[in-house]
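Let's take a friendly walk through a protein model. Have the sequence and the 3D view ready, and look up each residue as it comes along.

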Amino acid sequence: MHTFKLIGCILLGCFCQTMNGFDGSVFGGLTANKTFLNFFHGTADGEWAAINSAMYQIGGVCALPFVGPAIDTWGRRYGMHIGAWLIIIGAVINGTTELTHNVGQLKGGRFLLGFGVSIVSAAGPIYVVETAHPAWRGLLTAYCNTFWFTGSILASGAIRGAITLTGNTSWTIPIYLQMVFPGLIAIFTWFIPESPRWLYVNNKREKAVQVLNEWHGYGHADSAWVKLELEEYEAFLNMDGADKRWWDYRALFRNRASVYRITVNCLFSIFAQWAGNGVLSYFLPAVLTTAGYTESITQANINLGYACFQFVFALTGAAFVDRIGRRPLMLFSMCGTSLVWVGMTIATAQFNQDKTNDSAARASIAMIFIFGAVYSVGLTPLQALYPVEVLSFEMRAKGMAFSSLAVNAGGMLNQFAWPIALSKIGWHTYIIFIIWNAVMATVFYFFMPETKNRTLEELDTIFESPNPVKTSLKAHKVALANDGTILA
């Protein structure tokens, strides 16, 4: 029973990614809705799509100074709660543009959505990784980011279902549905336990022990897991760290190990946005146009099918994060996507030479789906897991704010550059991804340590070593005496 209750609590943290997926997908899907575009005198590509879509990322970047303090000062639950309310307000602002006809209001609403998502997308994974049972941490946190696709699928389904309706209802329904998951989080965060690590370092040791005994020890105070966690808390958690001071970011750059950690965190976060997935997530209708699919309903159908297809492969990849490891998955995806973009470039180039070439058009769609499979199986499960794992507790909230900054900075390039590139140079845009993904795979190989089968506190030793990648690949076991004492 305790297991199911804990999974229910963690599910609420996963809903933060559902919100992220819904909000991140809804605008791109709406660009296939001609009523929406006509209402705002917009286009599916070019500068209008770029600036209105990018306001979401700009809001996320502006949230940077507030993410860490919100999560560190009041706790992981309150961070989720605050972000959820901001998203609810942003959705209302966007929905009421039907009454005002004000495109500036649309931009303002998307700014607030991005601001709120930046907070919850940091608070949710941190809550999951710190509250999950150590034996399941990797698996559950990997599944956490696959919930991005539940949001994306729901957004795509809402857009597809509403697109046949007449009038502005066809686009206001998906916008107002953005309030569903934030509403659930705003209500139920009052009923879940706080992160035991946050409680411990904020001088609430008894409450932290109580949470560990109940949720990780299943009510048994002599649980070996609880003893191991408490010994690691005492050895590694800083009771007077920079996380107690909202203005203090020195822990992120204190020494070589700290700089290495935050660099790995930001590089992975931003590289995962630059594999070409941003083009397909935010501007799939424009990409489909380059392949000859121009009808609104056809584009909406493909958009929905693509989200469902990716979700299946993301779930498959999440199941293997602790068996295969983080490094093999990220390397497979980055190398694989580089090869897929070769096929996409050839197919769209052939179609643009001969607009009647149905084989080239179908090959383009196949490449889009293959890209989704290759990307989702390796990179999607790691996006909520790996950036959190590589940070120490003292660095975690403020470091995830930097991760959010990296994600949104990468997203801003996606929003500004790619719609304009698709409008100006079409399929030639894809050549960039062929080269860049190969470069990123090389960086991953030489720079990213393995984190599987380690407790969060064990990773401190890895990053303090002269060669973190080499150290991380060495086997390590935890030995317990009969009384539960940690021997090695």
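## How confident is the model?

This is a predicted model. Its protein chain has an average pLDDT of 87, and 94% of the residues score at least 70. Residues 479-488 are another matter: the pLDDT there is below 50, although this stretch has 17 contacts in the model beyond near neighbours in sequence. Where pLDDT is low, the predicted coordinates should not be read in detail.

## Charged pairs across the chain

How many salt bridges does a search of the whole structure find? There are 13 salt bridges.

| Salt bridge | N to O distance |
|---|---|
| R396 and E130 | 2.9 Å |
| R197 and E457 | 3.1 Å |
| R254 and E394 | 3.2 Å |

Start with the salt bridge between R396 and E130. R396 belongs to helix α21 (residues 393-425) and E130 to helix α7 (residues 103-131), so this pair ties together parts of the chain that are 266 residues apart in sequence. Are these two residues buried or exposed? R396 is buried, with a relative accessible area of 1%, and E130 is buried too, at 0%.

Next come R197 and E457, whose side chains meet in a salt bridge. Because R197 sits in helix α11 (residues 196-201) and E457 in the loop between α22 (429-447) and α23 (459-464), the pair ties together parts that are 260 residues apart in sequence. R197 is buried, with 5% relative accessible area, and E457 counts as buried at 3%.

R254 is in the loop between α13 (224-236) and α14 (256-271), while E394 is in helix α21, so parts that are 140 residues apart in sequence are tied together. Here the two partners have separate labels: R254 counts as partly exposed at 47% relative accessibility, whereas E394 counts as buried at 11%. Salt bridges can also share partners, and in this way D72, R76, E130, R396 and K398 are joined into one network.

## Nonpolar residues inside

In soluble globular proteins, nonpolar side chains tend to be buried together. With that in mind, look for the largest nonpolar core of this model, which has 110 residues. Which of its residues touch the most other members? They are I185, F268, M330, L382, Y386 and F444. Helix α7 gives the most to this core, with 11 residues. Another core, of 15 residues, lies apart from it and includes V26, L106, A155 and W171.

Leaving out residues up to four places away in sequence, M330 touches F268, L379, L382, Y386, F444 and M448.

Helix α10 (180-188) is worth a visit as well. In α10, F181, P182, G183, I185 and A186 are buried. The buried residues of this helix pack against α1 (2-30), α5 (76-95) and α8 (137-162).

Which residues make a nonpolar surface patch of about 710 Å²? The patch is formed by W74, Y78, I187, F188, W190 and F191. One of these, F191, is found in the loop between α10 and α11. F191 counts as exposed, with 63% relative accessibility.

## A few residues to look up

Two asparagines have a backbone angle to check. N203 has a positive phi of about 60° although it is not a glycine. N203 is located in the loop between α11 and α12 (205-215), and it is exposed, with a relative accessible area of 66%. N453, also not a glycine, has a positive phi near 60°. Its place is in the loop between α22 and α23, and at 56% relative accessibility N453 counts as exposed.

Last stop: S404, in helix α21. S404 is buried, with a relative accessible area of 7%. How far is the C-alpha atom of S404 from that of S121? The two C-alpha atoms are separated by 7.8 Å, although the residues are 283 residues apart along the chain. Not counting residues up to four places away in sequence, S404 touches G60 and S118.

Terms used:
Residues numbered from 1 in each chain as written. Predicted model: local features only at pLDDT ≥ 70, side-chain atom pairs only at ≥ 80, totals over all residues. Heavy atoms only, no water. Salt bridge = Lys/Arg side-chain N within 4 Å of Asp/Glu carboxyl O. Helix = DSSP H or I, 4+ residues; strand = E, 2+ residues; numbered from the N terminus. Buried < 20%, exposed > 50% of the residue type's maximum accessible area, 1.4 Å probe, protein only. Core = buried A, V, L, I, M, F, W, Y, C linked by side-chain atoms within 4.5 Å. Contact = heavy atoms within 4.5 Å. Patch = residues over 30% accessible without salt bridge, like charges linked within 9 Å, V, L, I, M, F, W, Y side chains within 5 Å. Areas by Shrake-Rupley, 256 points an atom, 1.4 Å probe, with all protein chains shown as cover. pLDDT = per-residue confidence, 0-100.
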